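The stops below follow one after another.

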Amino acid sequence: ESTLALAHLRDMNSHHVLPDMTTYWAALLACAQGGHWMQALAQLTGMRDQSVAPDIVSYTTAISACAESGRWLEALAQLGDMR
């Protein structure tokens with residue numbers, strides 16, 4: 001599921017279609033459900049790079065992905081970034 005969601009994001013970028021908040025939410029959720037914490041954090045970076053400001057839903061979904069994978073330091077780092 002996360003592989004497909006991330007592939008759609010890449011396809012959008014290759015066709016010069018900018019992803020919006022909903023697109024990133026879907027990719028983040030797929031990453032969290034698949035336990036892909038590194039990809040979830042990469043999506044937060046991608047959002048910032050595309051001038052889409054991560055919101056509370058984005059951060060909590062990425063934090064969930066980290067927590068599910070036992071990556072507590074990374075999860076805590078995202079709490080700091082939320083401020």
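**Stop 1: a helix pair**

Select helix 2 (residues 21-34) and helix 4: the two pack at an angle of about 15°, with their axes 8 Å apart. Axes are lines fitted to C-alpha atoms, for helices over the stretch in contact, and angles run from 0 to 180 degrees between N-to-C directions. Helices are DSSP runs (H or I, at least four residues), numbered from the N terminus. Helix 2 and helix 4 are therefore roughly parallel to each other, a term for angles under 35 degrees.

This is a predicted model: local features need pLDDT of at least 70, side-chain atom pairs count only at pLDDT 80 or more, and totals for chains, interfaces and linings use all residues. Residues are numbered from 1 along each chain as its sequence is written, and side-chain values use heavy atoms, with hydrogens and water left out.

**Stop 2: exposed side chains**

Select I56, which is in helix 4 (residues 56-68). I56 counts as exposed at 52% relative accessibility; exposed means over 50% relative accessible area (1.4 Å probe, protein chains only). Next, select W72 in helix 5 (residues 72-82). W72 is exposed too, with a relative accessible area of 55%.

**Stop 3: two loops**

Select H16, in the loop between helix 1 (2-14) and helix 2. Phi of H16 is near 60°, a positive value in a residue other than glycine. H16 is exposed, at 76% relative accessibility.

Finish at S51, in the loop between helix 3 (37-49) and helix 4. Here phi is near 60°, again positive in a non-glycine residue, and S51 is exposed at 68% relative accessibility.

Terms used. Buried means under 20% relative accessible area, exposed over 50%, partly exposed in between (1.4 Å probe, protein chains only). Angles under 35 degrees count as roughly parallel, over 145 as roughly antiparallel, 65 to 115 as roughly perpendicular and the rest as oblique.
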